[in-house]
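The sequence and the structure are shown first, and the description follows.

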Amino acid sequence: MSCSIIVGGFFGDEGKGKIVAHVAHEDNPSIISRGGVGPNAGHTVVVGDKEYGVRMVPSGFVYKNAKLMIGTGVLVDPRVFAKEVNEVGVKDRIFVDGRCGIIELEHIERDRASDHLSKIIGSTGSGCGPANADRINRVARLAKDVPELQDYIVDVPVEVNSALDKGDNIILEGTQGFGISLYYGTYPFVTSKDTSASQIAADNGVGPTRIDDVIVVFKAYPTRVGEGPFSTEMSSEASHKLGIEEFGTVTHRERRVGNWDGKMARYSAMINGCTIAAVTGIDRIDSTCFGATRYDQLTAKAKEFLDQAEDDIGARIGLISTGPEMSQIIDIRDEL
Ligand code: GTP
Ligand code: IMP
Ligand code: MG
């Protein structure tokens, strides 16, 4: 039995979607359940020559033997949910907690019409901030009150905790990243909720004593979308020179790119209670590592980077991603 949480250690978009997809195929969880804010997230999963982008459906959907769930604390946009469920064909195995807050069209309008949210903070315009504000003001509608969602409603905490009682493996999937946590991030340039591992556990109604592993995902070259401080940021000329050009899955804005931030990595690992670190984008440190699946295929330059990163983080690196495709990964968790 093991319950693992996967969260982002920098500013989001670290490649959690890819890591979740890989870990799911290795660990065979019976349930993959999402925490995090809501459809402001955009996870990319590349399997073979197919690229999927999901905002509501857990990115572990590519592992076909798990039930997929959306935890109690996550905001649901019923339109995005219906579209994605249909697109990725998971109607028979996806479930939503009845207490999830609902994003109304009016929340999206409020998000986009607010200069503070859309311009100063640089929100994704997905309605999450206004919907969470309504939840706090206790006027939001909940999933159990939405007819289109009736077929999907379950008590997610009961499902997850019963599966753990039976000895199953469970993955709790985080979204966003540490630097945009409402509490621990660069306030006010943050999202509308905490994004740390404890929040992801709470989003799914799993108590802290039941968590076995917290996998914190770091990106070799961190990125940030939207406004706010980014101490290791480089110019776009410098990032393009490195061959890094990324665009947001939700907003299509170009992501700002920075150098590795060891101090942030350590602080984030501390607050997340990191037991295993994952580092993505090693192919960007040294392109000859692209697609490597064994540690001994890495170059001295890549190994040196990983040694430094491990020192900074203060936890062992068990997963090393060497490209966007799901199988481009070195998994040495068993050897640690
Ligand atoms: P949020 O939940 O929105 O924070 O996103 P995420 O953490 O799931 O990451 P997202 O998919 O938005 O962005 C990561 C990007 O990096 C995607 O385009 C991935 O396909 C890509 N990616 C993941 N791992 C690697 C890697 O090891 N190397 C390279 N070059 N790209 C990668
Ligand atoms: P909001 O969550 O849409 O209100 O946006 C607030 C801030 O968080 C903005 O800077 C967004 O770009 C950022 N943000 C929200 N969700 C994500 C995500 O999943 N990945 C990266 N940045 C995000
Ligand atoms: Mg993303």
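## Ligand 1 and its surroundings

In this predicted model, a polar backbone atom of glutamate 14 lies 3.2 Å from an oxygen atom of ligand 1. A polar backbone atom of glycine 15 is 3.0 Å from an oxygen atom of the ligand, and for threonine 44 the corresponding distance, again to a polar backbone atom, is 2.7 Å. Taken alone, ligand 1 exposes 670 Å², of which the protein buries 91%.

The shell around ligand 1 holds 23 residues, and the closest are Asp13, Gly42, His43, Thr44 and Ser321. Sorted by class, this shell has 14 polar, 7 charged and 2 nonpolar residues. Two or more residues of the shell come from each of H1, S3 and helix H10 (282–285). The largest share, 3 residues, is given by H1.

## The magnesium ion

Ligand 3 is a magnesium ion, and its protein donors are Asp13 (OD) and Gly42 (O), at 2.0 to 2.1 Å. Aspartate 13 belongs to the loop between strand S1 (2–8) and helix H1 (16–27), while glycine 42 belongs to the loop between strand S2 (31–34) and strand S3 (43–47); the pair therefore ties together parts that are 29 residues apart in sequence.

Glycine 42 is buried, since its relative accessible area of 15% falls under the 20% limit.

## Histidine 22

Histidine 22 is found in helix H1. Its relative accessibility is 8%, so histidine 22 counts as buried. Apart from neighbours within four places in sequence, histidine 22 is in contact with Leu319, Met326, Ile329, Asp331 and Arg333.

## Lysine 219

Lysine 219 has its place in strand S9 (residues 213–219). This lysine counts as buried because its relative accessibility is 5%. Between lysine 219 and lysine 16 there are 9.7 Å in space, C-alpha to C-alpha, although the two are 203 residues apart in sequence.

Which residues does lysine 219 touch, not counting those up to four places away in sequence? They are Phe10, Asp13, Glu14, Glu246, Arg255, Trp260, Thr280 and Arg284. Asp13 in this list is also one of the protein donors of the magnesium ion, and the side chain of glutamate 246 is joined to that of lysine 219 by a polar contact of 2.9 Å.

How values were computed
Residues numbered from 1 in each chain as written. Chains lettered and ligands numbered in written order. Predicted model: local features only at pLDDT ≥ 70, side-chain atom pairs only at ≥ 80, totals over all residues. Heavy atoms only, no water. Donors = N, O, S within 2.8 Å, 3.2 Å for Na, K, Ca; no water. Helix = DSSP H or I, 4+ residues; strand = E, 2+ residues; numbered from the N terminus. Buried < 20%, exposed > 50% of the residue type's maximum accessible area, 1.4 Å probe, protein only. Near = heavy atom within 4 Å. Polar contact = N/O pair within 3.5 Å; in protein donor to acceptor, adjacent residues only side chain to side chain. Areas by Shrake-Rupley, 256 points an atom, 1.4 Å probe, with all protein chains shown as cover. Nonpolar A, V, L, I, M, F, W, Y, C, P; charged D, E, K, R; others polar. Contact = heavy atoms within 4.5 Å.
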